[in-house]
Amino acid sequence: DETLIRHHLYTNGQPYPDLVFRTGGERRLSNFMPFQAAYSELVFTDKKWPELTKRDFDDALEEYSRRQRRFGK
């Protein structure tokens with residue numbers, strides 16, 4: 001069950017991410033934290049990690065703040 005799975009994850013005891021910010025132009029998670037990110041909001045950018053600026057992070061957070069979280073509903 002879900003409790004058993006959660007107990008065996010490396011992230012056990014940590015909160016699940018509210019936001020996943022994917023760089024490099026890919027529009028997929030590549031199996032990154034599939035259980036924990038089930039209800040995360042996703043933001044994608046074409047920039048690669050070394051190119052990111054503080055403004056890019058601020059833009060991602062601003063986009064996240066405009067979303068209505070539904071948690072799968």
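Tyr 16 is partly exposed, at 32% relative accessibility. The cut-offs explain the label: buried needs under 20% and exposed needs over 50%, so a value in between is partly exposed. Phe 35 is also partly exposed, with a relative accessible area of 28%. This is a predicted model.

Now look for ring contacts. Across the whole structure, a search finds three aromatic pairs. Tyr 16 and Phe 35 make up one of them. Their geometry is edge-to-face, with 6.1 Å centre to centre and 90° between the planes. Where do Tyr 16 and Phe 35 sit in the chain? Tyr 16 is in the loop between helix H1 (2-7) and strand S1 (19-22). Phe 35 is in the loop between S1 and strand S2 (41-44). The two are 19 residues apart, and their pair links distant parts of the chain.

Move on to Phe 21 and Phe 57. This aromatic pair is edge-to-face too, at 5.5 Å centre to centre and 75° between the planes. Which parts does it tie together? Phe 21 belongs to strand S1, and Phe 57 belongs to helix H2 (residues 54-65). The pair therefore joins parts that lie 36 residues apart in sequence.

Phe 21 counts as partly exposed, at 22% relative accessibility. Phe 57 is partly exposed as well, with a relative accessible area of 34%.

Terms used:
Residues numbered from 1 in each chain as written. Predicted model: local features only at pLDDT ≥ 70, side-chain atom pairs only at ≥ 80, totals over all residues. Heavy atoms only, no water. Phe/Tyr/Trp six-rings, centres within 6.5 Å; stacked < 30°, edge-to-face > 60°. Helix = DSSP H or I, 4+ residues; strand = E, 2+ residues; numbered from the N terminus. Buried < 20%, exposed > 50% of the residue type's maximum accessible area, 1.4 Å probe, protein only.
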